[in-house]
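Visitor: I am new to this structure. How should I read it?
Guide: Take a look, then ask about one feature at a time.

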Amino acid sequence: MKNIIETKKLCKTFSNGGVQQHVLRNVNLEIYEGDFTIIMGASGAGKSTLLYSLSGMDKPTLGSVSFCGTEITKMNTDELALFRRSNCGFVFQQVYLVESMSVLDNIMAAGLLVYKDKRTLLNKAGEILKAVDIDEPLWNKFPTQISGGEAQRVGIARALINDPKLVFADEPTGALNSHTGKAVLDTLTKFNEKGQSIVMVTHDITSARRGNRILYVKDGEIAGECNLGKYVTGDKERHQKLNDFLAKMGW
Amino acid sequence: MNKTLLLTKSNLRKNRGTSVGLFLLMVIATCLIGISLLIFMDCYPSVSREAVRLKGGDGYISITGDLEGFTDEKIAELFEDDTDSYYAYHDLKLSNHPVAFGNGEVVISVDICDDSAFERPMNTFEVITEDSSIADNYVYLPYQFNTSGGFKTGDVFEIDNSGKTYSYTVKGFTNVVYGGCNNTALFALVLDNDSYETLWNDTHEEFENINVIYDLKDGVKNGEFRIRTFNEILKVSPLAVTEGYDIDGVISNRTFIGLIIAVSFLVATSLIIVAIAMMLANSISNYIKENMKTLGALKAIGYTGKDIKSSLVVWFLVIAVLSSIIGIVLAYLVMPVFASIVIGQMGVPYVESFNLLATLIPIVYVILFTLVVTVICANKISKILPIVALREGVESHNFKKNHVALSKSSLSLNASLAMKTFFSNMKQNVITFIVLGFMVFCCVISLLLYENFSRKPKLDILTTEICAGVVTSDYDTREEVLEYLENRSDIKNIREIINMNVYYNDEESLFCYIVKDLSKMNNKNLCYKGRLPEYDNEIAVSGSFAKAYGFGIGDEIKIDYGDNSYDYLITGFIQTTNNSGREAILSYKAADHIMDIDNIPGWYWFDLTNESDDVDENIDEVNRIIEECEDKYGNHIISTMNFYKMIGGAMTTFQGISVMMLIVMCSISVVVIALILYLLIKSLVYHKRRDYGIYKALGYTSGSLMLQTAMSFMPSVIASAIVFSIVSYNVANPYISMFMRAFGLMKCDFAIPVPGVVAIAAGLTVVSFFLALLQTRRIKKIEAYNMLVAE
């Protein structure tokens, strides 16, 4: 299977008042194309730090990250920004839509960085919004005028607008209730089934079940890995396998 | 530590940028107020103080021409009754004499005395600086020759008379009440006794002069006394020529540049104060928004709204106190620079001294102003409920309209996003619009001063009529000289204009231009209301004179000259900065009612047929014409004037100040705009840091976000530059005329070069953009990851 990301001896250390905190320790891993990779772990284990280091949002202290063969750890902040435009999509727990922009403009603001033809982009935005179940009447609403679930699905649409090679999702259901959270997961699953590679950080087992590959982070290291195979609704054997893995990891 | 001080300390620490920005604005404001007040209260009064110290009395009268009959007893008879004391002395006086000064020459009365001038009981001369190694053939010049006339000790100073040149070495410079400033139309020189004796022997028959300095009794009006005395003098000798000044007029003429500087600074300060008020309000509003949770927490643990408000008040008061003290210290430090320009015109030595009122007023003003604005703006803190504050004020985002929809906008992405930012920050836009507009206005006013006082001096504010030169012939040759001049091809528009002092109601003298053909006058702006006189019963008088005596157009005015008087109809008002704004215009036939107009010398004003753009060429050309005229008619030519040369000298004192004002105002504008943009952008970036984090996560570079943010200020900057350029262009003249009325200029029509205004507007726009871009650098420090995980 073709890898999208490959890290070598990835380390991240934070200094606070002279005290050094090693959040990531020599992480070596690969993220594969088409996978729905889940990063799990306890609070403070380094999940989000790993996610943002993989995506070029944060710079590791040591080690390297190669994205489709290009080492992104050597890029400066502007090069990383240009890199993220067409390679990465982000879905955040707090959604982070620009509140002064309409739903459609939030999508356009990301899309216009890549698309030169506004008409094409507009059609694409419409398709994606419909695909995430955001109907046209909501397109001109502002983020504060729609529900949390709808906002998160708009966030997913924004992450997907530039056809990124990889979507990074940081606890996308963390701020949602179970019903709206499920809808968001369904959306991500739907796009993954269409071939979209996704890396998602979560500490929620229900969310983790959607992935086909589970990485467990403990004390800044990949403590274990579990391959669940393709997600099928109600697959109890798959659920049990995940539970056993997490139990083994000390979850 | 007191809880208010604890909060204040925290505020100062957390809001260093805002504190520093406001501090600098307040320093500038206090400094400018301080300079203005020091000029008003310390520099300006030094002229009066010196007048008292050097015993200038209430005025002086000089008598030249026929001095037959003016014995000591006669002088006593003329002056004793109305004065407490007087002092009369004889010296030499050259009327309307060209004297090298600054970049050219001034045509002025020159009073020449011997060494005894330093020991007189009244109008005493005092040496300010001298070169004691110069022992003979020397001259002491008034201090203004040193401060703006371009002379230094050791230079050669020349006096020309009837083709003979007297050269003297400048030994030093003097402080003198009368004759110390070109604006008072008199320069007083002191020669060494031997040189004076030589000059006296050569010229006293023609130029002997009696000066009388007097101190009036209480209740005697200076104007009335002077005119009454003039008439008495003419009774003694009809051929005597009188001249006189009252001390108030002299002081006013010596200080009006100082007044212009002081008023200009006060205006600029008032605009900066408005900016400070807006920034204080904005800072407090931002503080409340940014610290809503903290405010809630403080209230929850028992702090009252008053406690929190007090901390804000103390915070801004600390800034106000520190900045006002530093501002006033700065005012004292830079005062010598401004004083040197004011001294250039005053011609009075000024030693900067501590002035309690000028020191306290700016400090108290800035502190009180800050206190009032802060208390008013911080009032809303009392109304915030703790629970609401803890919920961050339950901000309801009320975006009524999606401005510049990206799906529809034809602008580029950066421009579209900049416009979105623009529409969502209307408060900042209003502040930017107003502050930049005020700065445009200040710069346009400075441009007006520079253009009309320095680059292309507006000559008709200095003189009632503009020409290239004037030749005055005696009565015997008047027809011949006129014919000669009219036959010359290198000059044109020869017009006969005589100057005479006429009187109104024994109270006021009017410097009267008696014009043979008014249609030939070059100064078409002379009459700002009504019209120039056409018939023999008509007169035009200066507006300031009319205002002082309540005359309107169509009123009758009785004008006296010697024993004659006539009632004229006022047809219009003229404006002038000369002769204390007391001037009038009569036609020849109108003047004939009060004087024998056929029995006077010939005064011929002329223009060059081919005027060059090069002033030096014009000066040479007029010199050549005058020399040829003098060669042909010799002593029949009584006096001459090279107008181009005179303007160079007369404008010298104005040029320094106008250039200085332009530089100072533009610099202040740039600094104020930089500070305002700094405060606004700092606040904007802080409030939009979350959005910038999102944009960066999406792949926007720091450069494009900086560009967008800087561009978002541009609509208000451009709108302000355009609107205020147009407003300033139209308002500058009425605005300036408010201040110039005191000097006799009732309706200003100063040239305001459109390219200059456009350059100011464009310049400030470009500067604002780059300053904004510079200050958006803090966006670079926002890292998407840190911002997102911090939330």
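Guide: Start with burial. A residue is buried if 20 or more other C-beta atoms lie within 10 Å of its own. Keep in mind that this is a predicted model.

Visitor: Which residues of H3(A) are buried?
Guide: The buried residues are Val103(A), Leu104(A), Asp105(A), Asn106(A), Ile107(A), Met108(A), Ala109(A), Ala110(A) and Gly111(A). That is 9 of the 9 residues of the helix, so H3(A) is largely enclosed by the rest of the structure.

Visitor: What do the buried residues of H3(A) pack against?
Guide: Both chains take part. In chain A, the partners are helix H4 (118-131) and helix H5 (148-160). In chain B, they are helix H12 (413-423) and helix H19 (689-698).

Visitor: How many residues of chain A are in contact with chain B?
Guide: 30 residues of chain A are in contact with 25 residues of chain B. On the chain A side, helix H1 (47-54), helix H2 (77-87) and H3 each give two or more residues. H2(A) gives the most, with 6 residues. By class, this side of chain A has 17 nonpolar, 7 polar and 6 charged residues.

Visitor: Now chain B. How many helices and strands does chain B have?
Guide: Chain B has 22 helices and 21 strands. Its C-alpha atoms fill a box of roughly 100 × 60 × 55 Å along the principal axes.

Visitor: What share of chain B is buried?
Guide: Of the 791 residues in chain B, 50% are buried. Now consider contacts in chain B between residues at least 6 apart in sequence: 83% of them join residues at least 24 apart.

Definitions and conventions. Residues are numbered from 1 along each chain as its sequence is written. Chains are lettered from A and ligands numbered from 1 in the order in which they are written. This is a predicted model: local features need pLDDT of at least 70, side-chain atom pairs count only at pLDDT 80 or more; totals for chains, interfaces and linings use all residues. A residue is buried if 20 or more other C-beta atoms lie within 10 Å of its own, exposed if 12 or fewer, and partly exposed in between; C-beta atoms are placed from the backbone. Helices (H or I, at least four residues) and strands (E, at least two) are DSSP runs, numbered from the N terminus. Two residues are in contact if their C-beta atoms, placed from the backbone, lie within 7 Å. Ala, Val, Leu, Ile, Met, Phe, Trp, Tyr, Cys and Pro count as nonpolar, Asp, Glu, Lys and Arg as charged, and the others, Gly among them, as polar.
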